[in-house]
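Please open the structure in your viewer and keep the selection panel at hand. The tour goes from one selection to the next and says what is to be found at each stop.

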Amino acid sequence: MTRMAPHPPHGSAAAPPPRAPDTRLGAPAPAGLRRPDGTPPRLLVVDDEAPLAELLSMALRYEGWTVRTAGDGAGAVREARALRPDAVVLDIMLPDMDGLEVLARLRRELPDVPVLFLTARDAVEDRIAGLTAGGDDYVTKPFSLEEVVVRLRGLLRRSGATTTRPDTVLVVGDLTLDEESHEVHRAGEPIRLTATEFELLRCLMRNPRCVLSKSQLLDHVWSYDFGGRANVVEIYISYLRRKIDAGRPPMIHTRRGAGYLLAPAETS
């Protein structure tokens with residue numbers, strides 16, 4: 001669990017970066033929240049410590065969310081007007097104005113936006129002041145990135161700004177795959193796949209925009225080495241193309257000498 005501390009003493013080592021997201025073949029992307037229109041939640045991170053703000057942004061973007069940052073109160077107000085965020089992470093100690101004043105200005109334009117206070121102050125009276133001023137939650141430094149993400153998920157759900165996409169559903173462009181029911185749809189139309197075709201498509205959808213080699217696909221989908229029979233991948237890719245891409249903008253692409261990738265169709 002990564003913990004972020006407030007300003008380190010002069011000469012001390014910088015806080016260690018958070019553990020990188022799991023990018024192994026087939027590792028599922030984190031299940032995300034979505035706004036009612038299907039777009040990712042919009043988050044505004046306000047903190048004058050640039051490294052900390054960047055680490056927070058990285059963790060939130062890994063959730064699939066849209067993130068902007070600001071380093072002071074004036075910048076926070078400007079970014080909020082442009083972004084119209086679904087939630088705000090707000091440091092109370094800012095260089096140009098108190099975080100409580102920033103909150104008051106935000107509330108005038110976005111009266112319902114949830115705000116998670118982030119501060120080095122841990123006294124009870126400081127917590128009470130922040131929550132009384134209209135903050136929705138409060139995290140003190142040092143904190144874990146995981147805790148901030150979990151608290152923000154809760155705020156977004158309670159505010160009604162987002163809905164939960166089921167963990168079992170993979171989505172790439174207009175293509176959806178339900179890992180539990182084994183249902184596949186493209187642009188709302190059902191697609192019938194064999195068990196092997198389904199596993200191959202699931203592997204591609206768990207790694208969107210990533211080139212996967214034949215050997216990787218063989219190992220993951222067929223679970224053993226075909227040796228000189230690697231053309232089985234080409235055969236099943238052709239099967240998938242007939243069902244997924246037939247009469248539609250293509251999503252399955254070949255990278256000669258490298259492998260295959262699946263990406264949202266480019267439409268004009």
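Begin with Arg-151 in this predicted model: its relative accessibility is 27%, so Arg-151 counts as partly exposed.

Next, select Asp-174 and Arg-186, whose side chains meet in a salt bridge at 3.0 Å, N to O. Because Asp-174 lies in the loop between β10 and β11 while Arg-186 belongs to strand β12, the pair ties together parts that are 12 residues apart in sequence.

Move on to helix α6, residues 195-206, whose end C-alpha atoms are 16 Å apart, in agreement with the 16 Å that its 12 residues should span at 1.5 Å a residue. Its buried residues, among them Phe-198, Leu-201 and Met-205, pack against several elements, including β10, β12, α7 and α8. Glu-197 is buried at 4% relative accessibility, and it forms a salt bridge with Lys-243, with 2.8 Å between the closest N and O atoms. Glu-197 is in helix α6 and Lys-243 in helix α8, 46 residues apart.

Finally, display α7 and α8, which pack at an angle of about 80° with their axes 9 Å apart; that makes α7 roughly perpendicular to α8. To see the contact, select Lys-214, Leu-217, Leu-218 and Trp-222 of α7 together with Val-232, Val-233, Glu-234 and Tyr-236 of α8. By class, this contact has six nonpolar, no polar and two charged residues.

Technical notes
Residues numbered from 1 in each chain as written. Predicted model: local features only at pLDDT ≥ 70, side-chain atom pairs only at ≥ 80, totals over all residues. Heavy atoms only, no water. Helix = DSSP H or I, 4+ residues; strand = E, 2+ residues; numbered from the N terminus. Expected span 1.5 Å × (residues − 1). Buried < 20%, exposed > 50% of the residue type's maximum accessible area, 1.4 Å probe, protein only. Contact = heavy atoms within 4.5 Å. Axes fitted to C-alpha atoms, helices over the stretch in contact; angles between N-to-C directions. Parallel < 35°, antiparallel > 145°, perpendicular 65-115°, else oblique. Nonpolar A, V, L, I, M, F, W, Y, C, P; charged D, E, K, R; others polar. Salt bridge = Lys/Arg side-chain N within 4 Å of Asp/Glu carboxyl O.
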